[in-house]
Amino acid sequence: MLMPAPDEGLIARRGEFVAALRAIVPGEGVIDDDAELAAYECDGLTAYRQRPMIVVLPETVEQVSRTLAYCHKVGLKVVPRGAGTSLSGGSLPLADGVILGMGKFNRILEVDYENRCAVVQPGVTNLAVTHAVAGEGFYYAPDPSSQIACSIGGNVAENAGGVHCLKYGMTTNNLLGVELVLIDGTVLRLGGKHLDPQALDLLGVVCGSEGLLGVVTEVTVRILQAPETQRALLMGFPQVEAAGACVAEVIAAGIIPAGMEMMDRLAIQAAEAFVQVGYPLDVEALLIIELDGPPAEVDHLIDVVREIGLGCGASYLRVSQDEEERRGFWAGRKAAFPAVGRISPDYYCMDGTIPRATLPKVLRRMGELADSYGLRIANVFHAGDGNLHPLILYDADKPGELHRAEELGAAILTLCVEVGGVLTGEHGVGVEKRDLMEVQFGPADLDQQQRLKCAFDEDGLLNPGKVFPKLCRCAELGRVHIHGGQVRFPELERF
Amino acid sequence: MQTSFSPEQLADPQTASSEKIIRACVHCGFCTATCPTYLLLGDELDSPRGRIYLMKEMLEKGGPPSPKTVKHVDRCLSCLACMTTCPSGVNYMHLVDHARAYIEAHHVRPWPERALRGLLARVLPNRTLFRGALRLAQATRPLQRLLPTRLRGMAAMAPARLSGSDPAERPRVFPAQGERRMRVGLLAGCVQPVLAPEINGAAIRLLSRLGAEVVVAEGSGCCGALPHHLGKAEQSKALARANIEAWSRELGGEGLDAIIVTASGCGTSLKDYGFLFREEADLAQPAARVSALARDISEVLSALQPPEGPKPMGLTVAYHSACSLQHGQGVREAPKALLRAAGFNVVEPAEAHVCCGSAGTYNLLQPELAGRLRDRKVAHLAATRPDVIAAGNIGCMTQLAAGTEIPVAHTVELLDWALGGPTPPALEPKPR
Amino acid sequence: MIQTWSPRTADEAAACVQQAMAADLPMELVSAGTRRSFGRPVDAAARLDLSALSGVVTYQPEELILSVGPATPMAEVAELLAGRGQCLAFEPPDYGGLWGGKAGEGTIGGAMMTGRGGPRRLTAGGPRDHCLGVKGVNGFGQAFAAGGRVVKNVTGFDITKLVTGSFGTLCVVTELTLKVLPAPPDAATLAVLDLSDEAAVRLMSRALGCAAQVSSAAHLPAGIASGFEGRAATLLRVEGVSPSVAARIGHLSQLFEDAGEQVLLDREASQRLWRDIADVAYFAGEARPVWKLSVPPAMGARIGARLTQDLAGRCFYDWGGGAIWLEVPEAPDGHAAGVRQILAEVVGSDGHATLMRASPQVRASVPPFQPLAPAVAALTERVRRQFDPQGLFNPGRMYA
């Protein structure tokens with residue numbers, strides 16, 4: 001993975017930078033020891049590793065502001081990092097850059113039940129927000145699978161989703177406000193406990209900006225009253241098409257389930273071998289559909305969905321009768337990733353979104369691609385919103401297999417875009433999908449996005465080398481002269 | 001994760017074992033969520049994932065470890081909450097044990113630290129020496145403020161009085177009352193009999209009453225956990241060997257149905273003897289056998305199915321789940337179920353999975369972090385408004401007692417009391 | 001003499017923009033023109049009439065997406081969706097009546113560019129939460145696309161959020177892709193009468209925090225609405241399948257049985273009521289200045305009290321107290337100073353006030369939108385310039 005070429009001049013001045021940063025963040029908060037820097041060289045995407053030059057772990061907003069202002073002054077690149085659970089390499093360091101770790105921002109500042117929101121620091125984990133409000137029967141809805149460990153700040157950066165985002169929205173739909181520090185140290189607040197932006201929806205564009213626009217130092221999120229009842233159906237189908245049809249019919253019936261997940265045969269078998277929850281092993285696709293709400297509603301909808309499932313030819317159908325059984329249905333799905341990790345030395349988790357109706361075609365084509373690359377794929381699918389997680393199984397110890405897995409991954413994402421979908425539904429672009437951005441977006445599309453970046457970070461110091469395949473040179477992007485037609489930019493530096 | 005050990009390095013069985021463990025880690029970071037030091041410090045380096053990375057680099061590189069690596073490994077509590085959380089089955093315990101032994105062998109600590117660790121490893125496992133040290137601390141109480149901070153903190157933890165003696169200190173057989181349903185060994189331990197002899201007293205009374213014959217085997221003593229966690233591999237193995245041989249003699253004699261531990265920190269150790277001696281021809285099998293028979297007292301009591309308590313005890317018990325018990329041994333429900341059946345109202349604190357900071361000698365070697373964890377835990381326990389805090393490990397009990405006025409007792413003391421035994425000393429009204 | 005361009009396709013729109021660039025000619029972007037009373041009046045020598053960019057590009061109900069030209073009439077969109085039992089969940093308001101014009105004439109583009117949601121916005125999200133994709137022409141004369149046609153998409157910056165609610169100041173929108181959702185098959189509203197504003201906000205807070213899944217919560221103080229015999233009415237709406245609606249309304253009724261006299265409205269009555277609230281029907285037919293404040297819900301009543309007392313206005317509440325609609329007597333500044341002062345005193349910067357109706361003179365001299373904190377204002381302007389460096393699109397529409 002090619003990153004911007006390191007600036008040897010900056011690296012030579014490391015001692016000077018460390019001393020200056022230590023004056024801003026005292027104690028153990030500035031790390032420059034080689035052994036210690038190693039632990040920061042990658043996040044959840046371990047295929048790519050780079051030791052950073054310096055790691056800074058601030059504890060206050062003032063320290064964040066002064067650190068960024070200093071980096072801006074001397075031209076140091078900054079890579080923000082939350083819990084380091086990104087699957088797209090969002091916090092992959094730069095050899096001549098600073099990692100700004102927000103792990104010490106781990107306090108829950110306020111729970112406001114009257115206004116139904118919580119104000120937390122970005123290092124607080126997603127699940128910790130729910131735990132903080134569970135006593136009063138509330139919860140925080142977006143639930144990515146890594147919610148036990150992933151940070152809210154990271155959720156904001158990636159616009160994280162989860163199983164329940166079909167019904168309850170993604171992070172951006174549950175985010176009320178942030179405190180943001182720009183690269184020059186400016187601290188500003190967007191949103192708050194009130195709804196709607198004052199003018200342009202800057203909050204909306206900061207969410208999902210993958211650490212390229214600013215550093216979030218405080219987050220205000222919506223909390224919801226937990227549903228009275230949750231019940232689930234477990235349905236097995238002899239063909240993937242039938243499962244896909246069932247999903248479409250549920251939506252067509254005007255039902256938006258709390259969650260609707262699909263697993264293919266390989267994923268089902270791996271999960272069952274790992275946790276023995278009783279999944280049928282003779283089906284091509286398994287659907288878990290969860291309905292939540294008041295009992296009257298759930299009981300009614302369970303019947304409707306059951307009829308739909310049977311009508312679509314479900315060869316296996318169970319309805320949860322109690323909470324334990326419902327949890328049991330989910331246990332296999334939740335263990336799918338580690339389960340797959342046990343049938344293969346390594347696996348590569350992909351993320352792409354497709355129009356739901358194209359699923360059977362996409363799965364067929366993926367099977368063909370997998371065969372041609374000599375690798376296996378297990379599929380876990382957020383059927384409700386078309387977000388696909390193909391798990392490519394490989395062995396890093398076999399020469400060339402990692403490379404083939406990556407090529408297969410790229411081919412799958414290209415296929416997603418070809419059928420009318422997008423490269424990433426919830427993991428973000430990071431470095432992983434950066435070089436595929438031109439598959440989905442044209443030059444003008446990417447230019448406009450990079451212009452937005454210029455408004456926040458003209459010198460391109462925040463997380464360069466992520467999301468966009470070309471470095472942003474704001475001055476050139478800004479000066480466009482039209483001569484009766486489209487203008488072509490001179491080729492900007494490629495990594 | 002990818003590793004880069006040489007074939008020569010992998011020829012060493014310890015390294016080979018650690019390499020396998022490291023490869024199981026996929027760097028997902030779930031472990032950071034439940035790590036007490038990450039909770040406090042927010043630094044990847046003080047999280048299991050970061051430590052795995054540091055240990056990997058240390059073992060791959062060979063030679064003396066970087067002092068920073070040592071610092072972060074020293075900060076690990078070995079609470080094993082990470083193992084409970086890890087979806088990939090990484091055996092962090094074995095990896096950090098190996099790393100500690102490696103550090104002890106390859107790293108020269110500053111001499112005051114070396115002296116302190118040496119002292120702890122020498123004194124704590126030896127009941128006579130430990131008793132002596134405590135008496136010295138008591139006698140010189142007025143002078144304690146002259147001690148350097150760390151020693152002062154330690155001295156302050158010494159109880160005001162040492163009362164009673166532990167019936168399990170000398171080799172003996174305690175017959176069962178009525179029909180003998182099982183024959184069990186009891187590990188006396190080292191620190192527990194000195195600090196709280198009433199615990200084994202209660203255990204023996206209760207076991208006898210329920211029909212178990214209890215044997216304190218000749219030659220058994222400290223389980224070796226404390227020196228083990230200080231990286232002193234040889235000493236810890238010597239202590240373990242003595243225990244294995246002592247119980248093997250019993251097993252070869254009248255036999256044992258289980259080997260019971262009342263300090264859960266020791267329980268985790270005993271259950272790991274099989275792994276510890278897996279490479280040693282003469283001890284591999286006996287060690288495995290001992291490990292297979294090792295049980296926490298709550299596990300055996302559950303199996304014996306004590307009768308329900310004759311009356312509601314009218315007390316709210318906040319159950320503190322010791323790390324070695326819930327994470328190290330996977331025993332979570334049994335103690336609570338026993339307490340409820342005995343007639344107590346059992347409540348649990350928030351963040352029940354997080355360590356109290358005792359962690360063997362951690363509260364002596366890392367007083368600042370241990371203190372913060374203790375205060376956090378005590379606040380959660382106090383919030384449940386209990387009459388008494390129950391725990392299954394002497395380390396936790398001492399640690400918590402230092403931070404709260406709420407009485408702290410061992411689970412087995414409360415059970416014994418509910419089923420006819422004496423009032424636990426912690427619940428006796430304090431003398432004026 | 002206003003130069004008017006009327007492109008029929010996206011390509012033609014791009015060509016128009018390029019001409020405007022070359023001539024440095026700022027334009028008013030407009031189609032049906034129903035939102036002209038919103039924001040600052042645009043004084044431009046040219047007009048880009050987008051009325052021809054109308055019509056459905058693709059409607060895929062089972063994928064929950066609808067792609068349309070921006071000038072497509074709202075009425076057409078609503079009818080199309082209703083035919084398949086779907087709707088725009090953010091309940092777009094129609095301020096036609098409020099502004100002294102006719103209702104039902106707005107376009108989908110106007111709704112998205114003004115970015116306001118109705119009562120259900122509280123729980124279902126606003127227009128920006130339902131905008132999946134945007135195609136447009138920027139101030140560099142380039143046609144570009146943002147977002148996509150799928151619901152779950154985090155590829156690149158979320159520019160659709162930025163364009164929604166931008167009042168046409170960032171780009172010329174040539175196509176919108178919206179997320180559409182099933183229309184609730186049934187609805188009912190519980191009205192609790194005679195509550196004070198404070199008591200009403202507390203009740204709404206309890207209702208929104210309970211398990212009944214209330215979708216909207218509003219409070220009409222006494223004298224605002226002619227229904228309910230002019231008495232104060234606190235309104236809770238519940239939507240969904242019939243058995244569920246019945247059960248949940250029953251639950252609410254029980255929960256608040258001691259709160260006051262209750263009236264139950266069925267589906268049709270609910271629809272009429274919430275349409276009136278969405279469209280601010282209570283202030284229609286007049287010309288006095290109208291403000292909309294967005295505040296933390298728990299502060300609603302306190303602010304409302306100050307506004308009515310200090311400024312001799314009258315108000316009603318939506319979004320559980322988080323939205324305050326205020327009508328004030330005529331004043332040279334439309335009472336802007338007073339409104340902003342009260343807001344600042346009670347909630348600091350955690351809220352804003354927007355002038356929704358006033359004479360053109362007032363709208364030209366008084367900033368209708370909440371003045372931004374300096375750092376935010378500077379950033380907003382930098383962002384705007386990165387879309388429209390020459391200031392060609394609706395110059396001064398939001399801020400001078």
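The legends below describe close-up views of a predicted model. Residues are numbered from 1 along each chain as its sequence is written, while chains are lettered from A and ligands numbered from 1 in the order in which they are written. In this predicted model, local features need pLDDT of at least 70 and side-chain atom pairs count only at pLDDT 80 or more, whereas totals for chains, interfaces and linings use all residues.

**View 1. Strand E17 of chain C and its antiparallel partners, E15(C) and E16(C).** Helices (H or I, at least four residues) and strands (E, at least two) are DSSP runs, numbered from the N terminus. Strands pair if DSSP finds at least two bridges between them. Strand E17(C), residues 323-327, is mostly covered, with five of its five residues buried. A residue is buried if 20 or more other C-beta atoms lie within 10 Å of its own, exposed if 12 or fewer, and partly exposed in between, with C-beta atoms placed from the backbone. Ala323(C), Trp325(C) and Glu327(C) point one way from the strand, and Ile324(C) and Leu326(C) point the other way. Strand E15(C), residues 290-294, is joined to E17(C) by five bridges, and Val290(C) has Glu327(C) as its bridge partner. Strand E16(C), residues 314-318, is likewise joined to E17(C) by five bridges, with Phe316(C) opposite Trp325(C). Four residues lie between the strands in the hairpin of E16(C) and E17(C), where Trp319(C) takes a positive phi near 50 degrees.

View 2. Ala405(A), Leu408(A), Gly409(A), Ile412(A), Leu413(A), Leu415(A) and Cys416(A) are the buried residues of H16(A). Just after the helix, Gly420(A) takes a positive phi of about 100 degrees.

**View 3. The contact between chain A and chain B.** Chain A provides 26 residues and chain B provides 22 residues, two residues being in contact if their C-beta atoms, placed from the backbone, lie within 7 Å. On the side of chain A, helices H3 (34-38) and H14 (336-343) each supply at least two residues. The largest share, three residues, comes from H3(A). By class, this side of chain A has 12 nonpolar, 11 polar and three charged residues. Ala, Val, Leu, Ile, Met, Phe, Trp, Tyr, Cys and Pro count as nonpolar, Asp, Glu, Lys and Arg as charged, and the others, Gly among them, as polar.

**View 4. The contact between chain C and chain A.** The contact takes 76 residues from chain C and 73 residues from chain A. Elements of chain C that each supply at least two residues include helix H1 (10-23), strand E8 (143-147) and helix H7 (242-255). H12(C) gives the most to this side of chain C, with seven residues. The residues of the side of chain C that touches chain A divide into 38 nonpolar, 27 polar and 11 charged.
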